[in-house]
Amino acid sequence: MKLFKSIILCGLGAAMLSLTSCNDWLDVNVDPDSPSAESTSYDQRLAHIEFYTNSGLQFGAWRTTMAMGDWTRNNGGGNYWHVSYWYPVIGQVTTTYQWWFVGAYANVPDMIAKAEAAENWQFAGAGYLIKAYGFMAMTDLYGEMPYTQAAAEPATPEYDNGKTIYLGCFECIDKAIEYLEKGQSQDPNLPTLAEGDFWNKGDLNKWIKLAYMLKARWINKLNKKGAGSYKDGKYDADEILRCLDKAMQSNADNTIVNHTDDNGATHDVLGWDEPVDYSPLFSVSGMNSGYMPTKMLYDNLTNFAGKGIEDPRADHMLPWARSVKSANTPAEIKWSADGKWRRSLGVDMASEINSQGGPLRASWGLTKDKEGNVVRNSRDGFWIDSNNEARWNDTVYIEGTSDCKGYFANPSILYCRAGSGKFESAESGTFYTRVSSPTYIGTYAECCFIKAETLFKKGDKGGAYAAYKAGVKASCELMNDKLKAWVAEDATLADCPSFTPMTAEAIDNFVNNGIGTQGELTMGHILTQKRIALMFSYEIWNDMRRYDFDPNIFFGWSIPAYHYKVAAAMLAIPEGKQYRRWRQCSHEYNYNSKNLQAIGSQVPGARMTDSEGKEAMWNLQDDAWTIPVWWDSDQE
């Protein structure tokens with residue numbers, strides 16, 4: 001990632017954000033201790049906006065993914081273990097809100113206004129696209145939100161309904177396309193986008209393709225609204241296909257943030273104090289303990305649609321642990337060819353495992369009695385610290401924890417349970433949540449899956465299958481690009497199956513034999529493969545809501561069994577309802593409650609009174625999590 005200097009101006013006060021490398025500062029000609037909206041130029045804001053937009057939205061995407069069936073956490077593992085069995089908690093909803101509004105959006109209107117005044121259309125276009133991208137995420141998550149007045153003077157802005165926000169985002173994205181298509185300014189005195197852009201490094205063609213891809217993604221979410229023009233909030237299949245024709249045509253067109261394993265001088269200023277270089281998903285998942293794949297994810301990777309052909313991405317998404325085969329090793333565990341690594345199995349969320357106190361996170365280090373006999377069930381140093389014998393086999397579930405050389409100053413990105421550098425206890429982590437894992441903001445693979453869905457609904461099964469097949473292959477090849485980069489950076493990683501690049505033969509075999517034929521193609525094939533390609537994306541939750549959590553479409557999915565055993569979970573998501581939105585965070589309750597309550601009159605399903613008929617905050621009702629957002633409803 002190219003690093004440089006940027007100034008932050010936000011609702012929590014003004015601070016300096018230096019995104020620098022080797023002390024290569026840009027001369028901003030302002031007092032660094034007293035930056036202001038007037039003294040800060042538009043080009044100095046873009047890096048800051050991109051960082052906080054990407055990080056905030058990735059934090060939210062990870063939290064929504066935890067509730068959609070692919071990942072869980074060790075029993076008792078805090079808020080995100082609760083979320084994984086559909087017990088949503090208020091602690092999950094604040095960070096994304098803060099990082100978007102405080103870190104990113106506080107800078108967007110001024111950047112747009114100054115860029116427009118300077119007729120620097122590339123910065124203005126990027127600003128409008130990011131505005132649309134951020135607010136679309138807000139309405140995906142929360143439904144209603146201050147939008148029209150979000151950057152205005154009122155300290156307590158009024159809320160807009162979901163349709164207003166949605167159509168407003170379409171207006172912004174069309175404006176972004178208009179500006180970006182004007183091309184590079186010919187004025188040599190104007191800054192170029194490349195000076196502050198670490199998403200696309202100033203490549204206007206990539207920005208334009210990203211805009212069209214996002215437009216297609218958002219129109220596709222309107223499948224419950226009936227056919228018509230997207231400008232009226234209707235599902236517009238022809239416009240989706242027109243947009244896809246102008247979006248990514250190969251992996252070379254993707255918008256990817258390539259994070260690095262550095263610990264530069266620049267850290268975020270919103271309280272986490274972490275480097276701006278590394279992956280947001282490492283921050284919230286990869287560096288933390290106990291996150292485990294589920295049986296649903298495991299089955300979809302190892303036996304998709306019952307075809308019996310393992311997905312070559314399975315080795316890279318499912319975590320591995322350093323081990324040696326022993327007599328008590330379950331036969332179903334996969335081992336590396338040299339017998340030194342074993343791969344995780346998946347936690348069955350449809351079983352009673354949570355009710356029975358599992359899964360438990362494994363400890364490391366052989367525990368022996370006075371006679372030297374190993375106590376409890378031990379697998380090559382990994383063992384379960386519990387007197388409950390039923391839990392001793394939880395060693396088969398390997399957590400997705402990884403490490404880093406920069407921030408933690410450790411010798412490898414492999415996480416060693418026995419301490420830094422003790423590789424006999426190493427765990428691999430998982431592809432998407434390592435310190436230098438890429439953020440896929442917009443990809444050709446997603447374009448393929450959107451096209452496949454659209455053509456399938458239009459009755460063009462041949463075209464749908466071709467797009468579906470291309471999407472799977474593009475996902476595999478994109479993952480392979482990063483695997484090759486990792487082993488090139490550190491050759492010692494090549495011995496771990498989680499990092500060993502896929503062979504062309506393995507990819508071709510899966511694409512040709514493991515994903516079903518054209519005659520077998522269903523919406524379930526398309527959307528289940530899409531979720532594998534878009535792991536840790538809002539679009540997984542969006543797709544599940546669009547199709548009402550249909551297990552015929554989302555292979556292997558069901559509401560976790562433990563959900564029905566926890567009274568608080570059943571209050572939040574009662575039987576017969578689904579997890580369809582986030583409640584607003586405490587800042588809105590504390591400082592803007594009047595306007596939050598007022599918008600409830602426009603929200604079908606919102607209860608404005610309590611059981612005794614007295615006025616009560618609709619968004620604080622126990623089951624407010626089940627109210628559909630606008631695009632997920634039959635609301636006009």
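Q: Which helices do the buried residues of α4 pack against?
A: They pack against α1 (46–65), α3 (94–104) and α5 (121–141). Buried means under 20% relative accessible area, exposed over 50%, and partly exposed in between, with a 1.4 Å probe and protein chains only. Contact means heavy atoms within 4.5 Å. Helices (H or I, at least four residues) and strands (E, at least two) are DSSP runs, numbered from the N terminus.

Q: What kind of model is this, and how are residues numbered?
A: This is a predicted model, in which local features need pLDDT of at least 70 and side-chain atom pairs count only at pLDDT 80 or more, while totals for chains, interfaces and linings use all residues. Residues are numbered from 1 along each chain as its sequence is written, and side-chain values use heavy atoms, with hydrogens and water left out.

Q: Back to α4, then. Which of its residues are buried?
A: Helix α4 covers residues 108–117, and its buried residues are V108, M111, I112 and A115.

Q: Why do they line one face of the helix?
A: Viewed down the axis of α4, the buried residues fall within an arc of 95°, so they line one face. The arc is that of the directions from the helix axis to the C-beta atoms.

Q: And what follows α4?
A: E119 follows α4, and its phi is positive, near 55°.

Q: Let us take Q122. Where is it, and is it buried or exposed?
A: Q122 is in helix α5. Its relative accessibility is 2%, so Q122 counts as buried.

Q: Which residues is Q122 in contact with, leaving aside neighbours within four places in sequence?
A: Q122 is in contact with L180, Q184, S185, P191, T192, L193 and L204.

Q: What lines the largest cavity?
A: The lining has 30 residues, of which Q58, Y440, I441, F536 and S537 lie nearest the centre of the cavity. Elements that each supply at least two lining residues include α7 (204–220), β13 (439–442), α12 (444–457) and α16 (538–546). The largest share, 4 residues, comes from α5.

Q: And by class?
A: The lining has 20 nonpolar, 6 polar and 4 charged residues. Ala, Val, Leu, Ile, Met, Phe, Trp, Tyr, Cys and Pro count as nonpolar, Asp, Glu, Lys and Arg as charged, and the others, Gly among them, as polar.

Q: F536 came up there. Where does it sit, and what is its phi?
A: F536 lies in the loop between α15 (523–533) and α16. Its phi is positive, about 60°, although F536 is not a glycine. F536 is also buried, with a relative accessible area of 5%.

Q: What about D548?
A: D548 has a positive phi of about 55° and is not a glycine either. It is found in the loop between α16 and α17 (567–572). At 40% relative accessibility, D548 counts as partly exposed.

Q: Is the peptide bond from G358 to P359 cis or trans?
A: The bond is cis, with omega near -5°. P359 is in the loop between β7 (341–343) and β8 (363–364).

Q: Now S84. Which helix holds it?
A: S84 is found in helix α2, residues 79–84. It counts as buried at 4% relative accessibility. A polar atom of the S84 side chain lies 2.7 Å from the backbone oxygen of W81.

Q: What else is S84 in contact with, beyond four places in sequence?
A: S84 is in contact with M66, A67, W71, T72, R73, M349 and P560.

Q: One more helix: how many residues of α10 are buried?
A: Helix α10 (residues 295–302) is mostly covered, with 6 of its 8 residues buried. These are M296, L297, Y298, N300, L301 and T302. They pack against β3 (71–73), β5 (291–293), α11 (314–317), β7 and α15.

Methods: On a 1 Å grid over the protein atoms alone, a cavity is a set of points where a 1.4 Å probe fits but cannot get out, and a pocket is an open set with protein on both sides within 12 Å along at least five of seven lines; lining residues have an atom within 4 Å of a point. A polar contact is a pair of N or O atoms within 3.5 Å; within protein, one must be able to donate a hydrogen and the other to accept it, and residues adjacent in sequence count only if both atoms are side-chain atoms.
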